[in-house]
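I opened a notebook for this protein and kept a record of what I looked up, entry by entry. The sequence and the structure come first, and my notes follow.

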Amino acid sequence: MQQLKFERIPRATISRLAVYVQELEVMEQQGIKVISSEKLAQLCGVNPSQIRKDLAYFGEFGVRGVGYYVHELREAIRQSLGLDRTWNVVLVGVGNLGRALLRHNLLRKRGFVIVAAFDCDPFKIGEEIAGLEVNCTSKLPKSTRDMNVEIGVITTPPERAQRAANYLMEGGIKGIVNFAPSRITTPENISVEYVDFIHHMFSVAFNITQNQSKGLL
């Protein structure tokens, strides 16, 4: 992996890199070998200088007067983001959202393999979903250690999110994606990402209102 130039990389940069990877994957599928920074920027909805700045965190890419070699750039970004390996994932909370994620084939294709599912509801324990048997959350710590799991996904009701996080941390989890509309407390060495659909709805509603006030709609 290339040596990072800065210890702290902006979260917005990581989000944009994920978009770059997706666009580069499409190009590679289309047989495109080389792409200019201007064209890549247009496809990703940013300006060329932003792409160059984002990539500069990870090293030197591209050839002056030529552009970026699609496959090489895609692989370099994937390696920098840790996407060049398989990540074992466990899910806690087998409600409607949890079930949808268990059946989401794209996660596996992206290298995130849900290897176990847990719930505290006795009516769900023992049920099989997408080839996985739902286990009692009390078994979570030992199971995650046995299966070398590093990422946990929480899809519980908000009042159960912290307890789920505690089980995950006890099991040696290094990172958590929390879909529950509740903040959780973790040590600094545990990476936590929050996915709150309501926040996105608020943002869309605001943008629509702004566009209406400007006469764009």
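The entries below go from the whole chain down to single residues.

**Entry 1: What I am looking at.** I noted that this is a predicted model, in which local features need pLDDT of at least 70 and side-chain atom pairs count only at pLDDT 80 or more, while totals for chains, interfaces and linings use all residues. I also noted that residues are numbered from 1 along each chain as its sequence is written, and that side-chain values use heavy atoms, with hydrogens and water left out.

**Entry 2: The whole chain.** I looked up the overall extent and found that the C-alpha atoms fill a box of roughly 60 × 45 × 35 Å, taken along the principal axes. The protein has 9 helices and 9 strands, where helices (H or I, at least four residues) and strands (E, at least two) are DSSP runs, numbered from the N terminus. Of its 217 residues, 37% count as buried; here buried means under 20% relative accessible area, exposed means over 50%, and partly exposed is in between, with a 1.4 Å probe and protein chains only.

**Entry 3: Domains.** The domain assignment gives domain 1 as 11–81 and domain 2 as 87–199, with bounds that come from an automatic or database assignment. I then looked up the separation of the two centres, taken over C-alpha atoms, and wrote down 31 Å.

**Entry 4: Annotated regions.** In the UniProt record, an unreviewed entry, the annotation "DNA-binding region" covers residues 19–58. I kept in mind that UniProt positions are given in the numbering used here, that feature names are shortened, and that annotations may be inferred rather than shown by experiment.

**Entry 5: Salt bridges.** How many salt bridges does a search of the whole structure find? The search gives 12, a salt bridge being a side-chain nitrogen of Lys or Arg within 4 Å of a carboxyl oxygen of Asp or Glu. As background, side chains of opposite charge can pair when their charged atoms come close.

I looked at E193 and R11, whose side chains meet in a salt bridge at 2.9 Å, N to O. E193 lies in strand β9 (residues 191–194) and R11 in helix α1 (residues 11–29), so the pair ties together parts that are 182 residues apart in sequence. E193 counts as partly exposed at 33% relative accessibility, and R11 is exposed at 58%.

I then turned to R74 and E28, which meet in a salt bridge at 3.4 Å, N to O. This pair links distant parts of the chain, with R74 in helix α4 (residues 70–81) and E28 in helix α1, 46 residues apart. R74 is buried, with a relative accessible area of 16%, whereas E28 is partly exposed at 28%. Both residues also belong to a network of salt bridges that links E25, E28, R74, E75, R78 and R110.

**Entry 6: D119.** Is D119 buried or exposed? I found D119 in strand β4 (residues 112–119), and D119 is buried, with a relative accessible area of 6%. Its side chain meets that of K124 in a salt bridge at 3.9 Å, N to O, and the side chain of D119 also reaches the backbone nitrogen of D121 at 2.8 Å.

**Entry 7: Positive phi.** I began with the general rule that most residues other than glycine have a negative phi. A130, although not a glycine, has a positive phi of about 50 degrees. A130 lies in the loop between β5 (128–129) and β6 (132–136) and counts as exposed at 51% relative accessibility. N148 is also a residue other than glycine, with a positive phi near 55 degrees. I located N148 in the loop between α7 (140–146) and β7 (151–154), where N148 is exposed, with a relative accessible area of 55%.

Definitions and conventions
Polar contact = N/O pair within 3.5 Å; in protein donor to acceptor, adjacent residues only side chain to side chain.
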